[in-house]
Amino acid sequence: MGRLNVDIGGSPGRDCRGFCSFCYFKRLKKEDDPEPFGCKYCLPFSKGCEYCTNGVREKYEGFKDLKEVADSVLADLQIMDGDLTGITISGGGDPSCYPEFRDLMEILGSMEVPIHIGYTSGKGFDDPDLAEFMIENGLSEISYTIFASDPALRAKYMGDPTPEVSLEIFKRLCKKIDVYAAAVILRGVNDGEVLEETCRWVEECGAKGIILMRFANRTDQGLILGNAPVIDGQMLHTVREFSDIVSDLNSKFKMKISGTPLGDPSIGSPFAIIKEPDLLEKLPRVEKKATIITGSIAARPIQQVLDACGNETWVYGTEKEIACLITIDDLKSVDLSKIEETVIIPGRCFVHEKEAEEVLSADGVQRRIVRGPEMLTADAETSMGMDKNGVLEMEMEGFADLIRLINMYGK
């Protein structure tokens, strides 16, 4: 049994009817030979791979033609173990803008398994009847960026030439399949009363939920591609302000409302395990010392969990808010006098271990760098389709792995 991922290719800005005003790929420099960040996929003694050089920049040639996509699907099916249980359509470009979208849906629909579109802005949908067409061809779930229920705001900030049609398709899909809305929130634009009205409209349409995304406009907020600011002079919500907005709206509506970077009020994540003392007792005990480097948002809750497990390890929070977007520049600002000889870095951060070892040993103390677990908790984009038990199970596995690493490599 397995799912098939169908990659249609495409590049942000070019294959989505132009950049949305808030897109974090906007203003990206067109480098012929970009400098790799380094990551978990790199070879041990070689910094740089396709993922941390081009993949993170969505640097692709454009949409793949239908024949190439179909041939890739056929090849993947031939090596798949067991029965096909579902299909996910994804790519650097927007599926709604794929030139051969109807033909693609018909081909995939012939396999008679549920189809999931991982993301679309809907900017490429110009015919309301496309909703019924997608449903007839097996679409069962879709993540749909709306920005606001006001067509004028959608047109202005997303560059949607047919905003009324895009919203109508969203509405029709909600009546038949699982639809998750998404909205990047710009302070003073689509927050406040506008956001409350958007949530009301999304709930009336019948969507399963809406994920609110705090707009990032600075390097410390995660813009690591050298293109900050995306919008000059745009006011920003603090992490706490945004978390309060999410919690307040979630209490007013029946549908699920979650936010990134914080949080999922219905589950209590990220780090829901903090309020589960019985589960904390079941985690392994921390027996050795190490330093955990993470983002500023996760530092305190990770420290709380480790402290509950008999911790002697200190969690060091960088200025970068999101752990998986930490780069070598963030490690260069670490106070080396405050870290142990064993340092555990986030599993998905954009850092090469050998370079991290050089930077974090610059004071003459030879330090060992260990890459931590993939995830310690579920962000809102992950938890949107999960229940509390699923999130807690993920956190139990992540922290158990982290503690085992501390005990294995710590002093």
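1. What covers the buried residues of helix 5? The cover includes strand 4 (139–145), helix 6 (163–174) and helix 7 (192–205). Helices (H or I, at least four residues) and strands (E, at least two) are DSSP runs, numbered from the N terminus.

2. This is a predicted model: local features need pLDDT of at least 70, side-chain atom pairs count only at pLDDT 80 or more, and totals for chains, interfaces and linings use all residues. Residues are numbered from 1 along each chain as its sequence is written, and side-chain values use heavy atoms, with hydrogens and water left out.

3. Helix 5 spans residues 151–158, and its buried residues are Leu153, Arg154, Tyr157 and Met158. They cover an arc of only 100° around the axis, so they sit on the same side of helix 5. That arc is taken from the directions from the helix axis to the C-beta atoms. The face turned away from the buried side carries the exposed residues Ala152 and Lys156. Buried means under 20% relative accessible area, exposed over 50%, partly exposed in between (1.4 Å probe, protein chains only).

4. Now the ends of this helix. Asp150 caps the N-terminal end of helix 5, with a side-chain oxygen 2.9 Å from the backbone nitrogen of Ala152. Gly159 follows helix 5 and has a positive phi, near 70°.

5. Arg218 lies in the loop between strand 6 (209–214) and helix 8 (239–252). Arg218 counts as partly exposed because its relative accessibility is 39%. Not counting residues up to four places away in sequence, Arg218 touches Leu223, Ala228 and Leu236; contact means heavy atoms within 4.5 Å.

Technical notes: A polar contact is a pair of N or O atoms within 3.5 Å; within protein, one must be able to donate a hydrogen and the other to accept it, and residues adjacent in sequence count only if both atoms are side-chain atoms.
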